[in-house]
Amino acid sequence: MSSSLVVGNWKMNGGPKACAALAAEVSRGLEVQPATVEVVLAPPFTGLAVVRQAIAARPIALAAQNCHDQESGAFTGEVSAAMLEEIGCRFVIVGHSERRRLFNESDATIARKVAAVLRHAMRPILCVGETREERERDQTWSVISRQLDSALKGLDEGGIDTVEIAYEPVWAIGTGLNAGAQQIDEIHRAIRNFLIERFGHTRGAAVRLLYGGSVNPANARMIAEIDSVDGLLVGGASLIAESFLTIVQSFVAD
Ligand code: PGA
């Protein structure tokens with residue numbers, strides 16, 4: 001398995017000035033970056049250029065939070081994967097539950113976005129996860145397996161090698177409720193089995209599986225210590241440099 005992956009999803013927070021300041025603080029805090037952790041920052045689109053500058057001297061990568069699936073054209077208000085590649089993104093978050101829920105993104109749209117990101121040599125961070133109602137109705141795995149199946153079925157041979165997957169239970173996002181270790185482990189193992197069945201052992205076992213949903217400095221180490229967790233997707237706590245840096249450290253052995 002490659003290094004762990006810790007992604008800060010800043011969502012719609014901070015104009016360019018605030019983004020530059022936060023990125024500079026994170027960057028300073030990672031002067032001696034643990035070699036075992038890959039750190040990624042996902043500012044809003046308007047922060048991408050300044051964050052790229054702020055992290056230039058560090059092995060921190062840039063991510064976008066979304067993209068359109070077409071290359072260019074009459075799609076007012078949208079940003080293409082080609083544009084994100086040009087501005088320096090190496091990752092794009094795709095299928096975040098806020099996109100699915102608030103912007104009506106369907107499984108089919110998300111599959112096209114995954115393909116667009118891969119065409120531009122960036123890595124999609126594909127988010128999957130169930131709502132509280134779905135969990136209560138025992139539909140957790142049917143929902144997640146449907147999301148995975150749809151997003152990954154069009155991949156070329158080897159396409160999975162550059163995909164990251166984040167399990168984010170919708171009920172845990174921004175709510176302060178995070179899933180218990182056993183719940184996380186159970187879903188991560190099921191996702192791993194799905195990937196191995198679909199892509200074979202070598203490829204399926206190499207995909208990084210992230211957890212996201214109310215990760216904070218107090219619970220990050222407990223989550224990082226779960227064997228099946230290869231990284232974290234952090235929302236609210238990534239907006240405070242000190243908290244985010246503590247979370248990054250949770251993947252470093254004492
Ligand atoms: P949260 O968000 O850490 O604020 O719950 C996680 C996410 O939405 O990726």
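This is a predicted model: local features need pLDDT of at least 70, side-chain atom pairs count only at pLDDT 80 or more; totals for chains, interfaces and linings use all residues.
Trainee: Why is Val170 called buried?

Mentor: The cut-off for buried is a relative accessible area under 20%. Val170 has a relative accessible area of 17%, and therefore it counts as buried.

Trainee: Which residues does Val170 touch, not counting residues up to four places away in sequence?

Mentor: Val170 touches Ser97, Arg101, Gly129, Glu130 and Thr131 on that basis. As for Glu134, it stands 36 residues apart from Val170 in sequence, while the C-alpha atoms of the two are 9.8 Å apart in space.

Trainee: Ser80 lies in another loop, between β3 (60-64) and α3 (81-87). What makes Ser80 buried?

Mentor: The relative accessible area of Ser80 is 4%, and buried means under 20%. Ser80 is therefore buried. With neighbours within four places in sequence left aside, the contacts of Ser80 are Cys67, His68, Gln70 and Glu71.

Trainee: How do you know that Asn219 counts as buried?

Mentor: Asn219 has 9% relative accessibility, and so it counts as buried against the cut-off of under 20%. Asn219 belongs to the loop between β7 (209-212) and α10. Not counting residues up to four places away in sequence, it touches Asn178 and Ser214.

Trainee: Phe244 is in helix α11. Why does Phe244 count as buried?

Mentor: Phe244 has 0% relative accessibility, and it therefore counts as buried. Apart from neighbours within four places in sequence, its contacts are Val6, Val7, Gly8, Val26, Val39, Val40, Leu41, Val234, Ala237 and Ser238. From Ser214, Phe244 is 30 residues apart in sequence and 12 Å apart in space, C-alpha to C-alpha.

Trainee: Which residues of α11 are buried, and what covers them?

Mentor: In α11 (residues 241-249), the buried residues are Ala241, Ser243, Phe244, Leu245, Ile247 and Val248. Their cover includes β1 (4-9), α1 (16-29), β2 (37-42), α10 (220-224) and β8 (231-234).

Trainee: Where do α7 and α8 meet?

Mentor: The α7 side consists of Thr140, Trp141, Ile144, Ser145, Leu148, Asp149 and Leu152, and the α8 side of Ile187, Ala190, Ile191, Phe194, Leu195, Arg198 and Phe199. By class, this contact has ten nonpolar, two polar and two charged residues.

Trainee: What describes the packing of such a pair?

Mentor: Two packed helices are described by the angle and the distance between their axes. For α7 (residues 140-152) and α8 (residues 181-199), the axes come within 11 Å and cross at roughly 35 degrees.

Trainee: Is the crossing of α7 and α8 left-handed or right-handed?

Mentor: The crossing in which α7 passes α8 is right-handed.

Notes. Residues are numbered from 1 along each chain as its sequence is written. Side-chain values use heavy atoms; hydrogens and water are left out. Buried means under 20% relative accessible area, exposed over 50%, partly exposed in between (1.4 Å probe, protein chains only). Helices (H or I, at least four residues) and strands (E, at least two) are DSSP runs, numbered from the N terminus. Contact means heavy atoms within 4.5 Å. Axes are lines fitted to C-alpha atoms, for helices over the stretch in contact, and angles run from 0 to 180 degrees between N-to-C directions. A crossing is left-handed if the near helix is turned anticlockwise from the far one by less than a right angle, and right-handed if clockwise. Ala, Val, Leu, Ile, Met, Phe, Trp, Tyr, Cys and Pro count as nonpolar, Asp, Glu, Lys and Arg as charged, and the others, Gly among them, as polar.
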